[in-house]
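Dear colleague,

I am passing on a structure that I would like you to look through before we next talk.

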Amino acid sequence: MGMQLGSGGASADPEVMIEMNMTPLIDVMLVLIIMLIITIPIQNHAINLNMPTGTPPPQLKEPIVVNIDVDFDGTVLWDGVAVNQTELEGKLHAVATSPDQPEVHLRPVAVVPYKSVAAVMAAAQRLGVTKIGMVGNEQFLK
């Protein structure tokens, strides 16, 4: 009185296939991925810059230049004289409020920590300095 398992015996019925056929599922998933890739819009990371148009007028006089050096240990030098954070902010405020704003040239050393340079740039931006530029970027190309 037992039940017969397996393919033996007189039964002509085919065995039940237990595995699922994955090929159509994979095909459908590939088509969906391709359609998703095609329909995603291209992301343009753009920064709007207000660039001047035309030719600039000739300069009547040489601009005043202030050099700010940031040494390897984070020491800030204003035209060669070491200043602390309070003095730096006072001088940057004087630069920002002057009628003919001087150009500020920021020259960091190649091994200076980024936070020291970022602190100077953030202070200049917060105080309203608009003519600031990085000098000596070729040392970072190594």
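This is a predicted model: local features need pLDDT of at least 70, side-chain atom pairs count only at pLDDT 80 or more; totals for chains, interfaces and linings use all residues.

Residues are numbered from 1 along each chain as its sequence is written, and side-chain values use heavy atoms, with hydrogens and water left out.

I begin with the core. The largest nonpolar core has 18 residues, and those with the most contacts inside it are I68, W78, L88, L92, V120 and V129. By nonpolar core I mean a set of buried Ala, Val, Leu, Ile, Met, Phe, Trp, Tyr and Cys residues joined through side-chain atoms within 4.5 Å. At least two core residues come from each of β1 (65-70), β2 (76-78), α2, β4 and α3 (114-127); the helices (H or I, at least four residues) and strands (E, at least two) are DSSP runs, numbered from the N terminus. If we leave aside neighbours within four places in sequence, L92 is in contact with I68, W78, V120, A123, A124, L127 and V129, where contact means heavy atoms within 4.5 Å.

Is Q101 buried or exposed? Q101 counts as buried because its relative accessibility is 12%, and the cut-offs are under 20% relative accessible area for buried, over 50% for exposed, and partly exposed in between (1.4 Å probe, protein chains only). Q101 sits in the loop between α2 (85-97) and β4 (103-108), and its side chain makes a polar contact with the side chain of T130 at 2.8 Å. A polar atom of the Q101 side chain also lies 3.4 Å from the backbone oxygen of A96. A polar contact is a pair of N or O atoms within 3.5 Å; within protein, one must be able to donate a hydrogen and the other to accept it, and residues adjacent in sequence count only if both atoms are side-chain atoms.

D69 forms a salt bridge with R107, the closest N and O atoms being 2.7 Å apart. This pair links distant parts of the chain, with R107 in strand β4 and D69 in strand β1, 38 residues apart.

A search of the whole structure finds 3 salt bridges, each being a side-chain nitrogen of Lys or Arg within 4 Å of a carboxyl oxygen of Asp or Glu. Another joins the side chains of D100 and K61 (3.2 Å, N to O), and here D100 lies in the loop between α2 and β4, whereas K61 lies in the loop between α1 and β1, 39 residues apart. There is also one between R126 and E89, with the closest N and O atoms 2.8 Å apart, and that pair connects helix α3 with helix α2 across 37 residues.

Finally, please look at helix α1 (residues 23-39), where L30 is placed. L30 is partly exposed, with a relative accessible area of 47%, and L30 is one of the residues that make a nonpolar surface patch, among them M20, L25, V31 and I37.

With best wishes

Conventions
Patches are made of residues with over 30% relative accessible area and no salt bridge: like charges are joined within 9 Å, nonpolar side chains (Val, Leu, Ile, Met, Phe, Trp, Tyr) within 5 Å. Accessible areas come from the Shrake-Rupley method with a 1.4 Å probe; for residues, only the protein chains shown count as cover.
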